[in-house]
Amino acid sequence: MAVTDDKTSTSPSLPAEESQPDGFRELVRRGMSSFEIDTRMFGMFLALVIIWVGFHFWTGGTFLTPRNLWFLTLQTSIVAIMATGMVLVIVTRNIDLSIGSMLGFIGMFMALMQAEWLPSIFGFDVWWTWIVVLLAGLALGAVLGLIQGAVVAYIGVPSFIVTLGGLLICRGLSWVMARGRTIAPMDSTFQLLGGGARGTVGGTVSWIIGIVASLAIVLMLISRRRNRLKFGFRVRPFWADVVLMVLGPVLVLGTVWILNQYYMPEGIAMEYATARGLEWPPGGLDVPFGIANPVLIAIGTAIVMTFVATRRRFGRYVYSIGGNPEAAQLSGIRTKRMVMLTFMVMGILVGLAAAVQIARLNSATAGLGTLQELYVIAAAVIGGTSLGGGVGTIFGAVLGALFMQSLQSGMVLVGIETAMQDVVVGIVLIAAVAVDVTFRKRRTT
């Protein structure tokens, strides 16, 4: 007689959806694990794509055009420059609310230097004017950041209060210096920092930059893989690295191609051709703007800040302080000094952003930089920087800046009034913080 296993024969069978893993979800999970993609970064990319496609259809095909994307990169650069510094400030469990007003004050200071103070002694448009003005603006930003950082670190006043006071002080000084005037024009060489018709590198140089960047991506991935294998660390599957080596250059060169599709207007193109001794053909001349100087400045700033944050002792100390201030201090890190230096770095970056802003506008007003702190903080938080400290990336902040500027640019194109734009930005900021809180709760449970 055959013997049957009662336990096996009487146990209820599980539903099909519980006994078998969700195929699509498992595929996505394995793919993200293979490429080492952070969940929040993936969500950010997805949200950015949705916004771009949504606004493109909403605007009747205007959003994803070379012209609008060129201006989008230009507008993103100022927020991105400051967001790279805000990451370090927030990582140390602090905040800087003064950066918008500080940008206005430093911008007014630099504008007065080149439009009134220096010309009254040496004349206007002297070749070295832009160098002196830029260095003075960076130095002023460093001093302002250093003062605020010292008060926060050594006196112990909360950064919220210190920078809120700095916001009021810098805004008031801007109005005092401006006296209701618009300060213009800027030095002709200084204007190149802001982009515009002359402030670009052109199509050929843009392609060269794209090719160099593509080679750098491939070499970086190869070097990273070799170092991990050398020290016995886990590496991506070989096929995943190959995909990244192809996808990275494709994205870079594709971006350059799109930016080079935005051509100079006929009048500016004729000036360009005349200045270079080119003949004007009967059908006109298509001269691409290429990558704008502010975009290159923002990219360069992001690369330097990423290197400092991930490869230098300064960055390691900053993240250690944000993760556990008491442990960092007990391990010998001079936490107060490091906090002060993060505010100083933030001030320098605000000075650089102020230079780009007034160069782009070719003027400075007392209201310059109003509410910029909102967009910068939102960019950092949306990009994955935790308000609880210790977590954040420079790349995420730059991506967050692109997200915020895409949102604002799209709302302008569809005709949403300014007041409602502020409402939307406020909602997005609250949602980003809510996501941050949710992720931190999941990590602690």
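Modeller: A word on terms before the close look: contact means heavy atoms within 4.5 Å. Keep in mind that the model is predicted.

Met404 belongs to the setting. The largest nonpolar core has 95 residues, and Met86 and Met404 touch the most other members. Helix H16 (residues 335-361) gives the largest share of this core, 15 residues. There is also a second, separate core of 12 residues, with Leu259, Tyr262, Phe289 and Val295 among them.

The protein chain has 19 helices and 0 strands. Of its 445 residues, 43% are buried. Among contacts with a separation of 6 or more, 80% join residues 24 or more positions apart.

Now the salt bridges. The count is 3. Side chains of opposite charge can pair when their charged atoms come close.

Take Glu116 and Arg181. Their side chains meet in a salt bridge at 2.7 Å, N to O. The pair links distant parts of the chain, 65 residues apart. Glu116 sits in helix H6 (residues 99-117), while Arg181 sits in the loop between helix H9 (159-178) and helix H10 (202-230). Glu116 has 32% relative accessibility, so it counts as partly exposed. Arg181 counts as partly exposed because its relative accessibility is 35%.

Next, Asp241 and Arg225. Their closest N and O atoms are 2.7 Å apart, in a salt bridge. Asp241 lies in helix H11 (residues 238-259) and Arg225 in helix H10, 16 residues apart. Both Asp241 and Arg225 are buried.

Asp241 has another partner. Arg236 forms a salt bridge with Asp241, with the closest N and O atoms 3.0 Å apart. Buried means under 20% relative accessible area. Arg236 is at 12% relative accessibility, so it counts as buried. Asp241 has a relative accessible area of 2%, so it is buried too.

The protein chain exposes about 23,200 Å², and carbon and sulfur atoms supply 67% of it. Ile37, Phe42, Leu46 and Ile50 make a nonpolar surface patch of about 360 Å². Leu46, one of these, lies in helix H4 (residues 39-58). Its relative accessibility is 45%, so Leu46 counts as partly exposed.

Note on methods
Residues numbered from 1 in each chain as written. Predicted model: local features only at pLDDT ≥ 70, side-chain atom pairs only at ≥ 80, totals over all residues. Heavy atoms only, no water. Patch = residues over 30% accessible without salt bridge, like charges linked within 9 Å, V, L, I, M, F, W, Y side chains within 5 Å. Areas by Shrake-Rupley, 256 points an atom, 1.4 Å probe, with all protein chains shown as cover. Salt bridge = Lys/Arg side-chain N within 4 Å of Asp/Glu carboxyl O. Helix = DSSP H or I, 4+ residues; strand = E, 2+ residues; numbered from the N terminus. Buried < 20%, exposed > 50% of the residue type's maximum accessible area, 1.4 Å probe, protein only. Core = buried A, V, L, I, M, F, W, Y, C linked by side-chain atoms within 4.5 Å.
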